[in-house]
Amino acid sequence: MNGLLTAAQLAPAVDTYLAAATPERRWDAESSFAWAAADADRLTEGQRSAVEFVTVIEDHLPGYFDVYQRHFPVDDTVEPEVFAHNRELYHFTVRWASEEDTHARALARYQVAAGISEQDALRTSLAAVGAQRFDLPYEHPVQFFAYALVQEKATQIYYRQLRSVIDEPVLTDVLTRLSRDEARHFTFMADVVTRYLQHHGDAVVEPIRDVIATFRMPLADTMRGYWRWALKIADTARYDHTDAYDSLIKVLDRATMARTDKLDELMAFVAAARTMA
């Protein structure tokens, strides 16, 4: 793909992310929670539905990871300098994928432990959606990071808002840990988008604008009943990806000292999209 950062330009963002994910801060679905105390009777019907919804979204991790594998390959189909960039990115994606897969495992484990679902039935229902192909219709590399910036921040915000209406300690703990991880994922994406703006300037403004103009949360166009379900869970805790646009505007505003008309227009466009939503 044209317009890539160099490996040297990307590496500091990867190093910063990995340094923040210290062993002391890591957790796992098997031993980090008091699963025996999980109690879905303390949840409303809407809260149960929200847990089921986000479990489906998180469990589609193989599809999300495959996007990076296809668009940033680490094999002999790319030139050495592109491979070097993609290899740096791979250091991030494998850690990110491990964390996201842990999210899926924790949410599924909660459903079973709390009595929301039986294990076999849950596996079957997740497989029905999980087998569907996921892709992003982008050509410029910055678009993959701009998309993930909004998606990760929107997910973090929703977990935080859902946690605020929950009165169940185990689920509260799960949502707290998920939210913290998503915040770090957002920070990485924001760092990378900032570097694209610093190194490529106005050349990446239009690709980022296209992401906002066509943005859909993961599975919005592939999962049957997505919008109906999304509206239902929004009645429990606000669910609106445009809540992340304020954070995107801050990233754009702080990216460079030399502001341009194109960058100002992009910020105004994002702000208008937030207002309309």
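User: What makes helix α2 largely enclosed by the rest of the structure?

Analyst: In this predicted model, local features need pLDDT of at least 70 and side-chain atom pairs count only at pLDDT 80 or more, while totals for chains, interfaces and linings use all residues. Residues are numbered from 1 along each chain as its sequence is written, and side-chain values use heavy atoms, with hydrogens and water left out. Buried means under 20% relative accessible area, exposed over 50% and partly exposed in between (1.4 Å probe, protein chains only). Eleven of the 15 residues of α2 are buried, so the helix is largely enclosed. Among the buried residues are F53, V54, V56 and I57. The elements covering them include α3 (61-71), α4 (80-114), α5 (119-130), α6, α7 (169-200) and α9 (226-234).

User: How do you know that the span of α2 agrees with its number of residues?

Analyst: Helices are DSSP runs of H or I with at least four residues, strands are runs of E with at least two, and both are numbered from the N terminus. The expected span is 1.5 Å times one less than the number of residues. For the 15 residues of α2 (residues 45-59) this gives 21 Å, and the end C-alpha atoms are 21 Å apart, so the two agree.

User: Why is W27 called buried?

Analyst: W27 has a relative accessible area of 12%, which is under the 20% limit, and therefore counts as buried. W27 lies in the loop between α1 (7-20) and α2. Contact means heavy atoms within 4.5 Å. Leaving aside neighbours within four places in sequence, W27 is in contact with S32, F33, T102, H103, A106, R177, L178 and D181. Of these, T102 is 75 residues away in sequence, with a C-alpha to C-alpha separation of 8.4 Å.

User: Why is α6 called oblique to α10?

Analyst: Axes are lines fitted to C-alpha atoms, for helices over the stretch in contact, and angles run from 0 to 180 degrees between N-to-C directions. Helix α6 (residues 141-164) and helix α10 (residues 245-255) pack at about 135 degrees, with axes 9 Å apart. Angles under 35 degrees count as roughly parallel, over 145 as roughly antiparallel, 65 to 115 as roughly perpendicular and the rest as oblique. The α6 and α10 pair is therefore oblique.

User: Which residues of α6 and α10 meet?

Analyst: L149, V150 and K153 in α6 meet Y245, S247, L248 and V251 in α10.
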